[in-house]
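Welcome! Take a moment to look over the sequence and the 3D structure, and then let us walk through some of the details together.

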Amino acid sequence: MERTVAQSSTPQGRYTLLPSRYSSEDILFCIDVDTESLVEMKVTGPNGRPITRLDSIKQAILLFINAKLSINPDHRFAFATLTKSASWLRKEFSSEVESAMAALRLLSADSSSGHADLTQLFKIAYHEAKKSRAQNRILRVFLIYCRSSIRPQHQWPVTNQKLFTFDVVYLHDKPGPENCPQKVYDALVDALEHVTEYEGYIFESGQGLSRVLFRHMCILLSHPQQRCLQDLIDIPKSLTKKSPTADSAPGEENPAASSQ
Amino acid sequence: MAINTVPPLIAAQLNYLLSNSPLPINVEQMWSGSKHHGLLDRFTLVIPFCLDYIRWDVIYNALYPLAAPDIIFGPEDESFRPYHVGGGDGDLKSPRKSLSDWNCKDPTWLLSLILELRELYMTYQRKRVGEVDDERLKFELSTIVPREGIEMYMRSGIEKTEEVKFAVPLLGVDINKMVTGCPWRHQQKIFLEVIFPVGRKYRHAPSTPRLKLVASPELKALFSTEDFRLPPWLDDMCMAEYLPILEGLLQSQIVDAVSSIDVRRKFIVALAPLFGRPVEADPVFCRKVAFLTSSGVFTFLVHFSLPLQFPKQQPVLMLQSSQHFNPSGAPIKSPVITEFPWSSTWESSEMAERFFDFLVEECLNFKKYCNESLLQQR
């Protein structure tokens, strides 16, 4: 698969910062609003109130948008939802946090969808990507998927015209006899590799921990034109005093490990 | 057609102008010529001229969409009559040809007309300035005439004095080409604004003109006109003498500004082995970089902001939590951090190590700050 590789590594993988293309992003969030988005997270809220996946997702998106705008106030965001297929929630790309907050308030779970087809999402993205490029921007689709047994499908043709980057966050139940999150994950990876322009990242978690979701969102802040391959991600780096003995104290979570 | 829409032929010409103008022209307001149809067939254009703006009203008539618009100039410009072919005034070209050949279906016509009128306006102002009875001004004009691209105009200054303002483009060099990976869509330019008070009152007191350096807005990613100290205007100097001195100084500072990009770049690259691959860095001007780091299970972002005078001037830091949020859901940010061990003489690798050590401690303070902020919200 042809993939546009970011120009910011030497062959040894060391970081370089060449004066290369640097476009502001148009980021299209597509949030799965199937009933499985209402599954509760492990930790409850401040007053013991249960937190659903959707609650965490909304907070994670706000975290992402605020952080992205702190880095570069020119990035913009739009919103879609996924039930059986994708549909617009807020179509205009905007760099206003208020606007994102208003869109997220409209986000609510739907009934059980049965199947998930990404074709329309890719169609929308392809169309929007052309507009973004005309403004010297790049488009990124950010899918947040919540179903543990339903493999997403698509009929997107094989094409050399990859106009947008595709990132995925997958929240699921722990694997068991009644579900198949591994198969779903594999289908998401296939879709990603099929469509993405720059290196796309996919993260999954079945732990139900919001802070893990937030950490994944922060890694996904990575600008597509400056990314390394997912296998080589070395962040977040740990800020601990360097000592001759082991870096992390026992019981500390190793942030680089995939959580499943 | 609905009320408050712009008739299509007019809209086509206006949109073409706004998308294709070589100068940043804006529409300030739109209104309708008749309360009966309510269509927006009139608007004010704000046109840059001599480092200021002139406002012209463009008057179409929605009922006669094939006709050319009238243009109404500003109140101080009553003597600007570009449609009048001046007797014996060989210089003043009339745009009458453009207007008589007006083709409403060609979307490029309005832009051509406005640009042509602006040229004529420039000539008109030059003529007005040339007619001012002021020895000093006449002398200045004669010496700078060969320079290209100068715009000038006469205006009433404070207390009814008259002033002549010059906008002198500086540096023949293409700044855009000097920046590798330059993202600027427009040509960046630097101008010297020179304002001479004129008139009888000042004949015996050749005063220093008011001087200001003005740059196109995007240039501030590379160079700050505010930080640039203008060389002194000595007594009895004239523009022809001052400009080369200014340009020499400016040229060397621009060259320095361009090479300081790589100094900042080197620092950013030196941070990567310790802080990990940045989530995003500005690769052209190297003014900003953001890293994702953690201390135990506390994950947060470190934002570095590098000033133009780096390393003479130190960077500025800000931390942003991924786990603590204020009541509106925004992640908690630290106040801007400026107190840390710093020396401009350190090698970039040493700077990086010192920042790492500093942040190992500082992030614990930040975590406490975040937790306290959360407690205050309860």
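Which residue of strand 4 of chain B is the bridge partner of V58(B)? The partner is I71(B). Please keep in mind that this is a predicted model.

## Strands that pair within chain B

The pairing of V58(B) with I71(B) belongs to a set of three bridges that join strand 3 of chain B to strand 4 (residues 70-72) of chain B. These two strands run antiparallel.

Strand 3 (residues 52-59) of chain B also pairs with strand 2 of chain B, through eight bridges, and here too the strands run antiparallel. Strands 2 and 3 of chain B form a hairpin with two residues between the strands. In that hairpin, C50(B) takes a positive phi near 50 degrees.

## An aromatic pair

Over all chains, the count of aromatic pairs comes to 44. F49(B) lies in strand 2 (residues 40-49) of chain B, while Y153(B) lies in strand 5 (residues 151-156) of chain B, so the pair ties together parts that are 104 residues apart in sequence.

## Where the two chains meet

How many residues does each chain bring to the contact? Chain B gives 49 residues and chain A gives 45 residues. The area buried between chain B and chain A is about 3,900 Å², and carbon and sulfur atoms give 62% of that area. One salt bridge is found across this interface: E280(B) with K68(A), where the closest N and O atoms are 2.7 Å apart. There are also 15 residue pairs in polar contact across the interface, counting pairs with both residues at pLDDT 80 or more.

Several elements of chain B supply at least two residues each to the side that touches chain A, including helix 6 (239-275), strand 10 (288-295) and helix 7 (348-377). Helix 6 of chain B gives the most, with seven residues. Sorted by class, this side of chain B has 25 nonpolar, 15 polar and nine charged residues. Strands meet across the two chains as well: strand 7 (residues 237-238) of chain A and strand 10 of chain B are joined by two bridges and run parallel. There, K237(A) has T293(B) as its bridge partner in strand 10 of chain B.

## A salt bridge within chain A

A search of the whole structure finds 25 salt bridges over all chains. Among them is the one between E197(A) and R133(A), with the closest N and O atoms 3.1 Å apart. This pair links distant parts of the chain, 64 residues apart. E197(A) sits in the loop between helix 4 (181-195) and strand 6 (202-205) of chain A, and R133(A) is in helix 3 (residues 119-134) of chain A.

## Backbone details in the loops

Which kind of peptide bond, cis or trans, leads from I235(A) to P236(A)? The bond is cis, with omega near -5 degrees. P236(A) has its place in the loop between helix 5 (210-219) and strand 7 of chain A. In chain B, a cis peptide bond joins F310(B) and P311(B), with omega about 0 degrees. P311(B) lies in the loop between strand 11 and strand 12 of chain B.

One more residue to look up is N136(A), whose phi is near 60 degrees, a positive value in a residue other than glycine. N136(A) is found in the loop between helix 3 and strand 4 (137-145) of chain A.

Key: Residues numbered from 1 in each chain as written. Chains lettered and ligands numbered in written order. Predicted model: local features only at pLDDT ≥ 70, side-chain atom pairs only at ≥ 80, totals over all residues. Heavy atoms only, no water. Contact = heavy atoms within 4.5 Å. Buried area = accessible area lost by both parts, 1.4 Å probe. Salt bridge = Lys/Arg side-chain N within 4 Å of Asp/Glu carboxyl O. Polar contact = N/O pair within 3.5 Å; in protein donor to acceptor, adjacent residues only side chain to side chain. Helix = DSSP H or I, 4+ residues; strand = E, 2+ residues; numbered from the N terminus. Nonpolar A, V, L, I, M, F, W, Y, C, P; charged D, E, K, R; others polar. Pairing = 2+ DSSP bridges. Phe/Tyr/Trp six-rings, centres within 6.5 Å; stacked < 30°, edge-to-face > 60°.
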